[in-house]
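Here is a short report on one protein chain. It takes up strand pairing, packing, disulfides and a few single residues in turn.

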Amino acid sequence: MKRRRALLAAALCFAAATAQAQELTPHPENWRPIVYRDLQIPGPQDRIYADLWADVIQSNNRRYLAAGDRRFLLGNAPVREAHALVRGGDKVALLSILDTATHCVAVARDPSSDLSVKMCPMRLAVWNGSSTTLREAKGCYLEPGAGAQKTMANSSYAASYTSYDVFTKSIRLGVILGRRVVEQCSQTVPLYLD
């Protein structure tokens, strides 16, 4: 736990330093697509997400090895991440959802497009000057199958969206699959708990 907090603090300090070099998130209230990262072989830009999820990624790797699957010895077992990052002054909030075969549960599937929605681990990390907080919950991950390339290009058919409500200081999440809202994926995640 101490190691994870240290990694998180380092990752958020990195995010905060990056945030100070950039402007505030423009029009945070507008819905925008969630950003996806493949963490199987993380690159330098993936460091913050790989650090945030290091414990779950290692658990996923161990489960693959325990099942006798040795295909991923040079990197991580299949693992993808989706996130929203909100910057404001000296504050940075990172909401991240991790998709692994061993930590997620199917919620919905659209066989015609080879897309599925899974409920996966979600972490909200907030860096506020000198303090860091971390909360865990569950969130939806829109996962494309092998045949979903064209469908994912059509955001009116399937997409994961996020926005930031300035007044309630909350990140809103939503998923569309087959041009329909996946109701159980509509979430409001407050940055601060009373």
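## Strands 3 and 4 and their partners

In this predicted model, strand 3 and strand 4 run antiparallel and are joined by 10 bridges. The two strands form a hairpin with two residues between them. Gly 89 sits in that turn and has a positive phi of about 60°. Ala 84 stands opposite Leu 95 in strand 4. In a regular strand the side chains alternate between the two faces of the sheet.

Strand 4 also pairs with strand 6. Seven bridges join these two, again in the antiparallel sense. Here Val 92 stands opposite Trp 127 in strand 6. Strand 3 has a further partner in strand 2 (residues 35–38), antiparallel over four bridges. Arg 80 in strand 3 is the bridge partner of Asp 38.

How many residues of strand 4 are buried? The count is nine of 10, so strand 4 is largely enclosed by the rest of the structure. Strand 3 is mostly covered, with seven of its 10 residues buried.

## Nonpolar cores

The largest nonpolar core has 17 residues. Those with the most contacts inside this core are Leu 95, Met 122, Leu 124, Ile 171, Leu 173, Val 189 and Leu 191. Strand 6 gives the most, with four residues.

Leaving aside neighbours within four places in sequence, Leu 95 is in contact with Ala 82, His 83 and Ala 84, among others. Its contacts also include Met 122, Arg 123 and Leu 124, along with Ile 171, Leu 173 and Val 189. A second, separate core has 11 residues, including Leu 39, Tyr 49, Trp 53 and Val 56.

## Helix 3

Helix 3 covers residues 54–66, 13 residues in total. From its first C-alpha to its last it reaches 18 Å, close to the 18 Å expected at 1.5 Å a residue. Which residues of helix 3 are buried? They are Ala 54, Val 56, Ile 57, Ser 59, Asn 60, Asn 61 and Tyr 64. Val 56 is also one of the residues of the second core. Just after helix 3, Gly 68 takes a positive phi of about 90°.

## Two disulfides

A search of the whole structure finds two disulfides. A disulfide is a covalent bond between the sulfur atoms of two cysteines. Numbered in sequence order, the bonded cysteines pair as 1-2, 3-4.

Cys 104 is buried at a relative accessible area of 12%. Cys 120 is buried at 0%.

The other disulfide joins Cys 140 to Cys 185, S to S 2.0 Å. This link is left-handed, with -80° about the S-S bond. Cys 140 lies in strand 7 (residues 131–144) and Cys 185 in the loop between strand 10 (180–181) and strand 11 (187–190), so the pair ties together parts that are 45 residues apart in sequence. Cys 140 counts as buried at 6% relative accessibility. Cys 185 is buried, with a relative accessible area of 1%.

## Ser 170 and Leu 177 in strand 9

Ser 170 is found in strand 9 (residues 170–177). Is Ser 170 buried or exposed? Its relative accessibility is 4%, under the 20% cut-off, so Ser 170 counts as buried. A polar atom of its side chain lies 3.2 Å from the backbone oxygen of Thr 168. Beyond neighbours within four places in sequence, Ser 170 is in contact with residues including Ser 163, Tyr 164, Asp 165 and Thr 188.

Leu 177 also has its place in strand 9. Leu 177 is buried, with a relative accessible area of 10%. Its contacts, leaving aside neighbours within four places in sequence, include Ala 108, Leu 115, Val 117, Leu 142, Tyr 157 and Val 182. The C-alpha atoms of Leu 177 and Ser 155 are separated by 9.4 Å, and the two residues are 22 residues apart along the chain.

Terms used:
Residues are numbered from 1 along each chain as its sequence is written. This is a predicted model: local features need pLDDT of at least 70, side-chain atom pairs count only at pLDDT 80 or more; totals for chains, interfaces and linings use all residues. Side-chain values use heavy atoms; hydrogens and water are left out. Buried means under 20% relative accessible area, exposed over 50%, partly exposed in between (1.4 Å probe, protein chains only). A polar contact is a pair of N or O atoms within 3.5 Å; within protein, one must be able to donate a hydrogen and the other to accept it, and residues adjacent in sequence count only if both atoms are side-chain atoms. Contact means heavy atoms within 4.5 Å. The expected span of a helix is 1.5 Å times one less than its number of residues. A nonpolar core is a set of buried Ala, Val, Leu, Ile, Met, Phe, Trp, Tyr and Cys residues joined through side-chain atoms within 4.5 Å. Two strands pair if DSSP finds at least two bridges between them. A disulfide is a pair of cysteine sulfur atoms within 2.5 Å.
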